[in-house]
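Please keep the structure in view while reading.

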Protein chains: 2
Amino acid sequence: MFHALADANRRAVIERLTRGPATVSELAAQLGVTVAATVQHLQVLQDSELVRSEKVGRVRTCQIDPAGLRNAEAWLRRQRTAWEHRLDRLGAVLDDQKKEPGS
Amino acid sequence: MFHALADANRRAVIERLTRGPATVSELAAQLGVTVAATVQHLQVLQDSELVRSEKVGRVRTCQIDPAGLRNAEAWLRRQRTAWEHRLDRLGAVLDDQKKEPGS
DNA sequence: CTGAAACTTAAGTCGCTACTTGACTTTGTT
DNA sequence: AACAAAGTCAAGTAGCGACTTAAGTTTCAG
């Protein structure tokens, strides 16, 4: 799932879509790659629930799906807070040792 | 930088380190790969400022570096809020159209 | 109906990346 | 001193992943 965000072109797609929906051709033009390559990127982004798309007529319109972004954010926050809480506990232990230096 | 988080073994290292520091050998044992491979992962994690490490004697001890986590979190938050603000503006436009249906 | 536009799918190429093995350096133990 | 432990470095290999080209498919315009 972070794998989807690891590619610069896919991140560019995300950034583009935060400014509004876009078609496959538009995204391809902006990235400077083939339409086929863009479709493959979109497949990855959809599998990670970072992008949704809907086809009407012959044109597929893509937009952000907040679910994936929230998941990624949640994982990072979990790691960071776990680390911070550990530091808190460590600080408490050190404080105890200061107050009561006897082993 | 997201590339560092894209690998499952590297994420496992992060998760392990949130529970306290560890040596290279300990991390290698937990991952089930060679020490050499683990060193390579650590190199990537350090380049992204996700992990710091210090060598004392012949043993290197690793711990979380919050800088990278914060950067990743910030990028995700930027994208998410940009998207939410866009929805807000869109909502405002639709409200205007309701009030003033004349083209 | 003909043809172009927008996308889809399949196959192939090429570079990158994770991993290993093996040789080496440094540090600690007996 | 001699050996073991912990890590580092350098190649080498296997597989994945991003991209392309080429051949469909579907939809819309004239």
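In chain B, helix α4 (residues 35–47) has 13 residues and should span 18 Å at 1.5 Å a residue, which agrees with its end C-alpha atoms being 18 Å apart; helices here are DSSP runs of H or I with at least four residues, and strands are E runs of at least two, while the expected span is 1.5 Å times one less than the number of residues. This is a predicted model, in which local features need pLDDT of at least 70 and side-chain atom pairs count only at pLDDT 80 or more, whereas totals for chains, interfaces and linings use all residues. Residues are numbered from 1 along each chain as its sequence is written, and side-chain values use heavy atoms, leaving out hydrogens and water.

**Helix α4 of chain B**

- B:Thr38, B:His41, B:Leu42 and B:Leu45 are the buried residues of α4(B), buried meaning under 20% relative accessible area and exposed over 50% (1.4 Å probe, protein chains only).
- On the other side of α4(B), B:Gln40 and B:Asp47 are exposed.
- Just after α4(B), B:Glu49 adopts a positive phi of about 60°.

**Chain A with chain B**

- Contact, meaning heavy atoms within 4.5 Å, joins 26 residues of chain A to 27 residues of chain B.
- Between the two chains there are four salt bridges, each a side-chain nitrogen of Lys or Arg within 4 Å of a carboxyl oxygen of Asp or Glu.
- A:Arg80 forms a salt bridge with B:Glu73, and their closest N and O atoms are 2.7 Å apart.

Note on methods:
Chains are lettered from A and ligands numbered from 1 in the order in which they are written.
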